[in-house]
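I'm opening my notebook and going through this structure piece by piece. These are my entries, in the order I looked things up.

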Amino acid sequence: MGLRIQLVLVLVLSLAATAVWAGQGWRSVAVRQGAVRVSPMPFGKIIATLGYGERVNVLAEQGLWFKVRDQRQGREGWMHSASLIAKPITLKPGERLGGGASEDELALGGKGFNAQVEAEYKARGKNLDYASVDWMERIQVSPEAMREFLAKGGLQSPEGGAGHGK
Amino acid sequence: MANKRTFLLAVVLLCACPVLVAGCKTTDVIDGLGAVQVGGFRLSESQVGALKKTAVALEKAFTDITPEQEYYVGRAVGATLLGKYQPRTDPQTVQYLNLVGQSLARVSDMPETYGGYHFVLLEDEGINAFAAPGGLIFISRGMLRCCKDEDTLAAVLAHEIAHIQLKHGLQAIKTSRLTSAFSIMATEGAKQAGGVQLAQLTGIFEDSIHDVTATLVNSGYSRAFEREADVAALEILGRAGYDQRALVGMLGEMKQRLNPQGLDFAKTHPDPADRMADLAPQLAGVKTPTGMALRQQRFQRLLGSI
């Protein structure tokens, strides 16, 4: 095979690989409870909640919002782009990961500052109140309470957001 | 000839990059190449070495702090603050504070974080407010006293949400610590951190938490970061339907109350007058939003006695 043909082949292969990547249009959920909403609005009705590391296909974009389809169950809705990242998220072995990650990815996940490091830090630390942090993390406001709060305070309409989602 | 080789190297890297982004390690791809024979050329060992180096650099840049790691940093910063100050736990205060906070966080450019936004009032007379990375937000009773209504309270919380959105807390961590952490993570391979590595990582974690809390509690952010957070706070307040001028109102009140020698906001934040001057041009033409009186009433009813 001539050098020129070989070069062309390599180039075509590289472009093909790039095209596959660019055309994938998937994102990983980068938050523990990623809300999938019926509309691209901050207080839009939540139709599904996706876990950390689950993958979605991006179908459309509108401002800071992505219309997505989740890869596991095929549900469609809108997610805020800040809750998604364009790289695979891997978890520790034993943790559930949406979208079917390879064993290798699973094994490589959850490294760095993690629960194991926190436990070690807690054992070493003085005057650390993790019980209060756990209590704080359990604080939730329900969609109903939020809706009432906004309406009674003359803030945004329940489905929308003043000037948002442009 | 040399040019062709350089071109081929670039092509191999181009091929490898999408694979890396799609989840495989470029170094594995290159290791897999073995005795490299590309386009009729045999790459020398040093050339393969150079390829590997580039791939490793790519991977390093890729190994940013993940949202999960940011969450653990935030929890530790929160545990430190809550070890120092008592939180107010009566359900009415907790619910109201979190409704105001959520109404702002949801319209911010980062409406969700790994562990979510949570807001708490601290039993502390100093004028303080802290944002731990990842979404834990703390406001002192002293700071609450600077707030005459819900819109002013919203201004304080919006400013703290902005610090989280802009990742100011994480930026307080010295880069050298993260470089060390990443190199330990790289040597860790596919297995879980062993004893020595865990101890090393925990040491780095400890130092990183110290960097963040020392900045929040003692040294404060730069005026540039504070300005950035103020500007983002204005945007958040506007989107939520709150009065953007409440931020300036709060700064004015703080200027009155702050003891310049104090160990609270006086020490960690730029002079409120400077911040007010920075904000003035942004507020020209801002109109009074609707519903302020309604919000003032419920603020008085729910937090007026604290």
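What follows is what I looked up, starting with the ground rules.

**Ground rules.** I'm working with a predicted model, where local features need pLDDT of at least 70, side-chain atom pairs count only at pLDDT 80 or more, and totals for chains, interfaces and linings use all residues. Residues are numbered from 1 along each chain as its sequence is written, and chains are lettered from A and ligands numbered from 1 in the order in which they are written.

**The two chains.** I looked up chain A and found five helices and seven strands (helices are DSSP runs of H or I with at least four residues, strands are E runs of at least two, both numbered from the N terminus). Along the sequence, chain A reads α-β-β-β-β-β-β-β-α-α-α-α. Chain B has 15 helices and five strands.

Next I checked burial (buried means 20 or more other C-beta atoms within 10 Å of a residue's own, exposed means 12 or fewer, partly exposed is in between, with C-beta atoms placed from the backbone). In chain A, 34% of the 166 residues count as buried; in chain B, it is 46% of 306.

Then contacts (two residues whose C-beta atoms, placed from the backbone, lie within 7 Å). Taking contacts with a separation of 6 or more, residues 24 or more positions apart account for 49% in chain A and for 71% in chain B.

**A sheet in chain B.** In what order do the three strands of the open sheet in chain B lie? I noted 3-5-4, with mixed pairing (strands pair if DSSP finds at least two bridges between them). The edge strands are strand 3 (118–122) and strand 4 (129–132) of chain B, each pairing on one side only. Neighbouring strands of this sheet are turned by 15° against each other on average, direction ignored.

Strand 3 and strand 5 (residues 136–140) of chain B pair in the parallel sense over five bridges. I found B:Val120 bridged to B:Phe138, and B:Leu121 opposite B:Ile139.

Is strand 3 of chain B buried or exposed? Five of its five residues are buried. B:His118, B:Val120 and B:Leu122 point one way, and B:Phe119 and B:Leu121 the other. I jotted down the general rule too: side chains in a regular strand alternate between the two faces of the sheet.

**One residue, B:Leu136.** I picked B:Leu136, in strand 5 of chain B. It counts as buried because it has 29 C-beta neighbours inside 10 Å. Leaving aside neighbours within four places in sequence, B:Leu136 contacts A:Met136, B:Gly74, B:Gly78 and B:His118.

**Two helices in chain B.** I looked at helix 5 (residues 91–105) and helix 7 (residues 150–165) of chain B, which pack at about 55° with their axes 9 Å apart (axes are lines fitted to C-alpha atoms, for helices over the stretch in contact, and angles run from 0 to 180 degrees between N-to-C directions). That angle makes helix 5 of chain B oblique to helix 7 of chain B (under 35 degrees is roughly parallel, over 145 roughly antiparallel, 65 to 115 roughly perpendicular, the rest oblique). Among the residues making the contact are B:Val100 and B:Leu104 of helix 5 and B:Leu153 and B:Ile161 of helix 7.
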